[in-house]
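Work through the exercises below using the sequence and the model. Each task is followed by a solution in steps.

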Amino acid sequence: MERREMLRHCLLVLGVSVAGPVSAFDLGRALGAAKSFTDAATVDDGELIAYYSQMSQEMDAGNVVAAADSPYGKRLAKLTRGLESHDGLDLNFKVYLTEDVNAFAMGDGTVRLYSGLMDMMSDDEVRYVIGHEIGHIKAGHSKKRMQMALATGGLRQAVAASGGDARKLADSQLGALFENVVKSQHSQSNENEADDYAMGFLRSHGYDRQAAVSALEKLDKLSGGGGGGWLSTHPAPAARAARMRTQLG
C-alpha cells in the first residue's frame, strides 16, 4: 500500500473523513482531529462523571427546583420511589418549575423533569418518560454524545493547555457542552432503543404500558407534528407511538 493510501486508511479508521487526495487537505489539522477523537474516546468514566456532575450543578443553579415538600416534589418522590438505585445506575431526580414540556438525563444518573411536562401527563405517562430517559443512559447515548462533544470542542485540550484539573471545566465551557450533549437531537435508532427500554421498564414494574403510546400521542398533538422542548431532542412522536402500540399485544 502506498504511503498516501496507508495514511488515508489510518485516518478513516480514526474517524476522519478524507475526500480527494491526501495532499489536498490540511494534514496537520486532520491528524489533530484524529488525535482529538482518539483522546475523547479514551476518557475514563470518572472524568465523564465529573463533567456530568458539573453540568448538572450548573443546570440546577440556573433553574427553579421544586422543593421536596411541594406538590411537584411529592409527586416526583412517589413516582420514583425505589429508583434511586436501578439497573446498575445511581439515579437522582428533580423537577424544574417551568411551563416548558421537557425532560433530560445525563450519564451520571441525573434525571430532570420539567413541571410543564408533568402537568400534561398522568403518573404512568411520566413514568414512561422516566424510563425513556434512563434508557438513553443505559444504551450509552449520553456517553457517546459527551465523547463527541469533548472531541469536536477541544475542551479537554483547552483544560490541559491551561494547566488546570482535567476533570474541571470552566463555567464558559459548560453551556456549550450542555448544548452538544443534552440539547442536540437524538437519532431515530437512539429513540427506538430508549422507547424499547421504557416499555420494558413499565412492564417490569407493573405500570400501564399503554401510557407509552398515550404520552407520545399527547406530545404529538401538543406540537402539531413539530414542536420544541422535549420534542426538539426526541423526534417523531407520532411514528414512535405507532411503533409502541405494536408492542402492547
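**Exercise 1. Strand pairing**

Task: In what sense do β3 and β5 pair, and over how many bridges? Then place β4 and give the order of the sheet.

Solution. The model is a predicted one.
Step 1. β3 and β5, the latter covering residues 110-114, pair in the parallel sense over five bridges. Along this pairing, V95 stands opposite L113, and Y96 stands opposite Y114.
Step 2. β4 and β5 run antiparallel and are joined by three bridges. Here F104 has R112 as its bridge partner in β5.
Step 3. The hairpin of β4 and β5 has four residues between the strands, and in it G109 takes a positive phi near 95°.
Step 4. The three strands therefore form an open sheet of mixed pairing in the order β3-β5-β4. The edge strands, each pairing on one side only, are β3 (92-96) and β4 (103-105). From one strand to the next the twist averages 15°.

**Exercise 2. Nonpolar cores**

Task: Which residues have the most contacts inside the largest nonpolar core, and which element gives the most to that core?

Solution. 
Step 1. In soluble globular proteins, nonpolar side chains tend to be buried together.
Step 2. The largest nonpolar core has 33 residues, and those with the most contacts inside it are L91, F93, L113, M121, Y128, V129 and I130.
Step 3. α6 gives the most to this core, with six residues.
Step 4. Another core, of 11 residues, lies apart from it and includes Y51, M106, M146 and L150.

**Exercise 3. The span of α10**

Task: What span should helix α10 have at 1.5 Å a residue? Also state which of its residues are buried.

Solution. 
Step 1. α10 has 17 residues (188-204), so at 1.5 Å a residue the helix should span 24 Å.
Step 2. The end C-alpha atoms of α10 are 24 Å apart, which agrees.
Step 3. Buried in α10 are N190, E191, N192, A194, D195, A198, M199, F201 and L202.
Step 4. After α10 comes G206, whose phi is positive, near 75°.

Key
Residues are numbered from 1 along each chain as its sequence is written. This is a predicted model: local features need pLDDT of at least 70, side-chain atom pairs count only at pLDDT 80 or more; totals for chains, interfaces and linings use all residues. Side-chain values use heavy atoms; hydrogens and water are left out. Helices (H or I, at least four residues) and strands (E, at least two) are DSSP runs, numbered from the N terminus. The expected span of a helix is 1.5 Å times one less than its number of residues. Buried means under 20% relative accessible area, exposed over 50%, partly exposed in between (1.4 Å probe, protein chains only). Two strands pair if DSSP finds at least two bridges between them. Axes are lines fitted to C-alpha atoms, for helices over the stretch in contact, and angles run from 0 to 180 degrees between N-to-C directions. A nonpolar core is a set of buried Ala, Val, Leu, Ile, Met, Phe, Trp, Tyr and Cys residues joined through side-chain atoms within 4.5 Å.
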